[in-house]
Amino acid sequence: MNFSPKNKTTNIFLVIGSFIVVSLILWNTNSFFKTFKEEERLKMEIWATAQSEFLQSAEDVDLGSLHLKVFQNNTSTPMILINKDSSIRTNNIPSVLATDSLYISKKLQQFQNENVPISIDQQGEHLATLYYGNSEVLNKLKFYPIALLLIILLFGAVIYFLFKTNKASEQNKLWAGMAKETAHQIGTPLSSLLGWNELLKTENISTDITKEIEKDIARLQTITERFSKIGSLPKLDACDIVVETRNAYDYLKRRSSKLIHFTFNSKLDAALVLMNRSLYNWTIENLVKNGIDAMKGKGSIAIEIVPNGKFVNILVADTGHGIPKSNFNTIFNPGVTTKKRGWGLGLSLVKRIVEEYHNGKIKVLSSGKEGTIMQITLKVHQ
């Protein structure tokens with residue numbers, strides 16, 4: 001992400017603008033809810049007034065159609081009317097539940113919490129008390145802000161995910177392009193070195209020298225092969241994880257300082273794993289080199305292979321200064337490094353090789369003053 005001052009200011013304005021829009025929507029919804037609730041209260045008071053006149057009227061008096069319309073028009077608000085003689089009348093409550101005293105008791109408590117009961121009085125005489133709850137529309141409106149916030153969060157998450165995916169795709173293309181270009185650039189002098197080495201063999205030069213040059217050329221060819229495979233799916237073969245790990249271990253041990261004490265232990269005699277030899281060796285090499293850097297060139301490196309059901313764990317341990325727990329999840333991100341000098345690319349490459357190319361897992365198993373243990377988990381090939 002580009003954190004230039006211009007982009008930073010734009011991002012701040014976008015965040016503030018989004019916050020203002022959401023606040024206005026919530027405020028408007030809350031105002032509408034209060035207005036609707038007041039109108040519903042007024043409707044209930046009109047109903048209570050009509051009920052008061054109905055209760056006080058004589059049986060032979062014709063009250064007209066207005067009272068009937070008031071009673072009939074209330075088809076949404078649940079009500080419980082308790083008359084002065086303790087008789088109960090319900091409206092907009094299922095008839096099956098209207099006779100359940102426990103249900104009515106719970107509803108009375110609920111209605112009291114939602115709205116202040118309306119006392120129906122006439123000329124100082126108490127006739128009844130009206131308890132009413134929120135209508136279905138009002139209840140839905142009450143949860144509308146929550147639903148709105150969830151929708152906004154969902155859209156925000158989708159936009160963020162798309163942005164991150166697009167960003168990761170751009171980074172992957174950049175990485176793949178850089179890797180392939182590096183492999184191409186190494187290839188030119190490598191071809192020249194092969195020719196020069198063949199020329200040296202015709203001269204009166206010790207064969208030990210040309211053999212060492214051949215080893216270095218082979219090493220450069222391996223590096224070129226590794227870089228050329230970044231950005232494309234490598235071919236995986238069924239290989240013995242013990243043999244391949246041992247080969248990587250032996251290579252690193254021969255070329256490391258005598259101040260580094262190497263140990264190798266496998267609790268398996270053999271186990272087939274689908275892998276790309278070159279990339280797997282690169283993974284072990286990166287982990288070991290990181291361990292050596294953490295120990296400042298002096299300490300112990302231990303590699304252990306442990307069975308884990310249908311999987312196999314490869315543990316690489318060092319006696320370095322350790323990784324802070326807060327960095328356990330971020331240490332594999334591109335650009336993140338605990339070194340004073342470093343690009344922070346080694347472990348991100350390792351994670352990509354293990355998880356994207358080999359369908360495995362890698363994590364910091366433990367880390368502290370005693371050192372760090374990195375764990376690679378790969379599936380055993382049946």
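This is a predicted model: local features need pLDDT of at least 70, side-chain atom pairs count only at pLDDT 80 or more; totals for chains, interfaces and linings use all residues.
Trainee: Nice. Where is Ser135 found?

Mentor: Ser135 is in the loop between β4 (125–132) and α5 (136–142).

Trainee: And is Ser135 buried or exposed?

Mentor: Its relative accessibility is 2%, so Ser135 counts as buried, the cut-off being under 20%.

Trainee: Which side chain joins that of Ser135 in a polar contact?

Mentor: That would be Glu40, and the polar contact between the two side chains is 2.8 Å.

Trainee: Switching topic: how many residues does helix α9 have, and what does it reach from first C-alpha to last?

Mentor: Helix α9 covers residues 277–294, which is 18 residues. It reaches 26 Å, close to the 26 Å expected at 1.5 Å a residue.

Trainee: Why is α9 largely enclosed by the rest of the structure?

Mentor: Because 13 of its 18 residues are buried.

Trainee: Okay, zooming out. How many helices and strands are in the protein chain?

Mentor: The chain has 10 helices and 11 strands. Of its 382 residues, 34% count as buried.

Trainee: And what about contacts between residues at least 6 apart in sequence?

Mentor: Among those, 68% join residues at least 24 apart.

Trainee: Last one: what does the accessible surface come to?

Mentor: About 24200 Å² for the protein chain, with 59% of that belonging to carbon and sulfur atoms.

Notes: Residues are numbered from 1 along each chain as its sequence is written. Side-chain values use heavy atoms; hydrogens and water are left out. Helices (H or I, at least four residues) and strands (E, at least two) are DSSP runs, numbered from the N terminus. The expected span of a helix is 1.5 Å times one less than its number of residues. Buried means under 20% relative accessible area, exposed over 50%, partly exposed in between (1.4 Å probe, protein chains only). Contact means heavy atoms within 4.5 Å. Accessible areas come from the Shrake-Rupley method with a 1.4 Å probe; for residues, only the protein chains shown count as cover. A polar contact is a pair of N or O atoms within 3.5 Å; within protein, one must be able to donate a hydrogen and the other to accept it, and residues adjacent in sequence count only if both atoms are side-chain atoms.
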